[in-house]
Amino acid sequence: MRPDAAPATVFSEFDRSAMARALVLAERGLETTHPNPRVGCVLAQAGQIVGEGWHERAGEAHAEVRALNDAGERARGATAYVTLEPCSHHGRTPPCVNAIIAAGITRVVFAIEDPDPRVRGQGAQALTDAGIAVDCGLMQAEARALNPGFIKRMKLGTPWVRVKLAMSLDGRTALASGASRWITGEAARSDVQRWRARSSAVLTGVGTVLADDPQLDVRLPGRTATRQPLRVVLDSSLRTPALARLLGTAGEVLVLTLAPAGAAAADSSERERRRRALEARGARVECVPAAAGRPALRAVLERLAVLEANEVLVEAGARLAGALLSQALVDELLLYVAPKILGPQARPLVELEPLTDLQQAFGFELLDVQRVGEDLRLRLRPQ
């Protein structure tokens with residue numbers, strides 16, 4: 001029986017506390033597990049935790065194996081609490097269900113089914129076939145919140161898109177001249193670094209590269225071995241300068257452009273020179289389908305999913321942010337609000353088609369409000 005078809009299980013208070021601990025462990029891999037999901041595992045005997053583990057990075061032991069190693073012989077007869085259905089396929093590491101069965105675990109409780117089609121329901125079935133009691137569905141919402149990108153990529157073939165914007169109290173992002181450093185304070189900028197660190201990729205447009213020359217890498221104090229997200233630039237005609245700062249920092253850079261057409265295709269020597277200059281600086285240049293003369297955004301996201309991007313942080317200007325919103329491609333909005341007023345001549349938050357009725361306005365669900373230094377951070381989900 002598939003776990004999502006099983007009758008509801010009545011979980012004990014200890015079950016809940018053990019799974020809550022497994023979720024805390026899983027969160028330790030928030031910035032490191034890409035492209036794998038963040039998973040935690042707790043082993044318990046007679047109301048006592050005897051082993052713990054979490055998945056730290058791809059290619060290394062999964063949470064269940066780490067917990068089994070931690071418990072040793074105490075694992076025999078124990079219950080395993082896992083935030084995600086144990087895997088049943090050979091990837092970079094052997095199937096976790098085999099290790100669980102061999103260790104003598106008698107019950108497995110997991111929060112959510114693994115959306116990976118190589119696993120989905122098969123891990124639970126393998127455990128059941130081995131005579132192990134299996135219960136699913138404990139603290140599902142919390143487990144899903146840890147892995148929104150992995151779940152969406154596996155189910156829909158696109159990553160979780162999180163758009164970061166910063167504005168003044170009157171909804172402006174920069175002066176009319178384009179000057180925008182800095183609307184928000186240092187604490188807010190440090191907070192953005194943490195969102196970058198958990199992302200598989202950071203996406204921007206060539207306009208932002210030309211205007212601000214950002215690095216878009218992760219720079220967190222005290223961390224010398226931080227995994228860098230893939231930096232992605234949408235650049236229809238390869239205007240990204242070869243001396244752009246993002247090309248001078250650690251980590252991969254992907255420039256997504258359009259194949260030249262018409263007159264541009266007939267005389268592409270200058271474009272080819274720019275492509276070679278970018279590649280000489282370490283960038284990868286790829287062509288994507290066009291939509292209205294610009295990279296087709298859904299095709300861009302599908303390409304990033306193929307590259308195993310789970311969460312994409314968009315740090316871009318008003319045009320790209322507005323296009324993503326208009327095409328219903330945004331899953332979450334990170335909005336930093338500074339206690340400043342810039343006036344009506346300053347630049348707007350997003351560029352949208354004019355609305356003729358208030359009912360056409362974009363609506364959002366407010367998920368969280370937090371003070372970050374002198375600023376506010378709002379997390380919103382498009383309705």
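**Figure 1. Salt bridges across the model.** By the distance rule used here, the count comes to 29 salt bridges. A salt bridge is a side-chain nitrogen of Lys or Arg within 4 Å of a carboxyl oxygen of Asp or Glu. The model is predicted: local features need pLDDT of at least 70, side-chain atom pairs count only at pLDDT 80 or more, and totals for chains, interfaces and linings use all residues. Residues are numbered from 1 along each chain as its sequence is written, and side-chain values use heavy atoms, with hydrogens and water left out.

**Figure 2. Close-up of the Glu-52 and Arg-21 salt bridge.** The two side chains meet at 2.8 Å, N to O. The pair links distant parts of the chain, 31 residues apart. Glu-52 sits in strand 2 (residues 48-54) and Arg-21 in helix 1 (residues 13-27). Helices (H or I, at least four residues) and strands (E, at least two) are DSSP runs, numbered from the N terminus. Glu-52 is partly exposed, with a relative accessible area of 25%. Arg-21 is partly exposed too, at 26% relative accessibility. Buried means under 20% relative accessible area, exposed over 50%, and partly exposed in between (1.4 Å probe, protein chains only).

**Figure 3. Close-up of the Arg-319 and Glu-351 salt bridge.** Here the side chains meet at 3.9 Å, N to O. Arg-319 lies in helix 12 (residues 318-326), and Glu-351 lies in the loop between strand 16 (347-348) and strand 17, so the pair ties together parts that are 32 residues apart in sequence. Arg-319 is partly exposed at 48% relative accessibility. Glu-351 is partly exposed at 43%.

Figure 4. The side chains of Arg-377 and Asp-368 meet at 3.3 Å, N to O. Arg-377 is buried, at 6% relative accessibility. Asp-368 is partly exposed, at 25%. Salt bridges that share partners also join Arg-38, Arg-162, Arg-198, Glu-311, Glu-332 and Arg-379 into one network.

Figure 5. The structure holds 1 cavity of 30 Å³ or more. The volume of the largest cavity is about 90 Å³. On a 1 Å grid over the protein atoms alone, a cavity is a set of points where a 1.4 Å probe fits but cannot get out; lining residues have an atom within 4 Å of a point. Grid points are joined across faces, edges and corners, and a volume is the space filled by probe spheres set on the points. The lining of the largest cavity has 18 residues. Thr-33, Asn-36, Arg-38, Arg-198 and Asn-310 lie nearest its centre. By class, this lining divides into 4 nonpolar, 9 polar and 5 charged residues. Ala, Val, Leu, Ile, Met, Phe, Trp, Tyr, Cys and Pro count as nonpolar, Asp, Glu, Lys and Arg as charged, and the others, Gly among them, as polar.

**Figure 6. Close-up of the second largest pocket.** This pocket has a volume of about 430 Å³. A pocket is an open set of grid points with protein on both sides within 12 Å along at least five of seven lines. Its lining has 27 residues, with Asn-36, Pro-37, His-62, His-89 and Arg-118 nearest the centre. Helix 2 (63-71) and helix 6 (148-156) each supply at least two lining residues. The largest share, 3 residues, comes from helix 6. The lining has 11 nonpolar, 7 polar and 9 charged residues.

**Figure 7. Close-ups of backbone geometry.** Most residues other than glycine have a negative phi, and most peptide bonds are trans. The peptide bond from His-34 to Pro-35 is cis, with omega near 0°. Pro-35 lies in the loop between helix 1 and strand 1 (40-45). Ala-292 is not a glycine, yet has a positive phi of about 55°. Ala-292 belongs to the loop between strand 12 (290-291) and strand 13 (294-295). Ala-292 is exposed, with a relative accessible area of 83%. Glu-308 also has a positive phi, about 70°. Glu-308 lies in the loop between helix 11 (297-306) and strand 14 (311-314). At 35% relative accessibility, Glu-308 is partly exposed.
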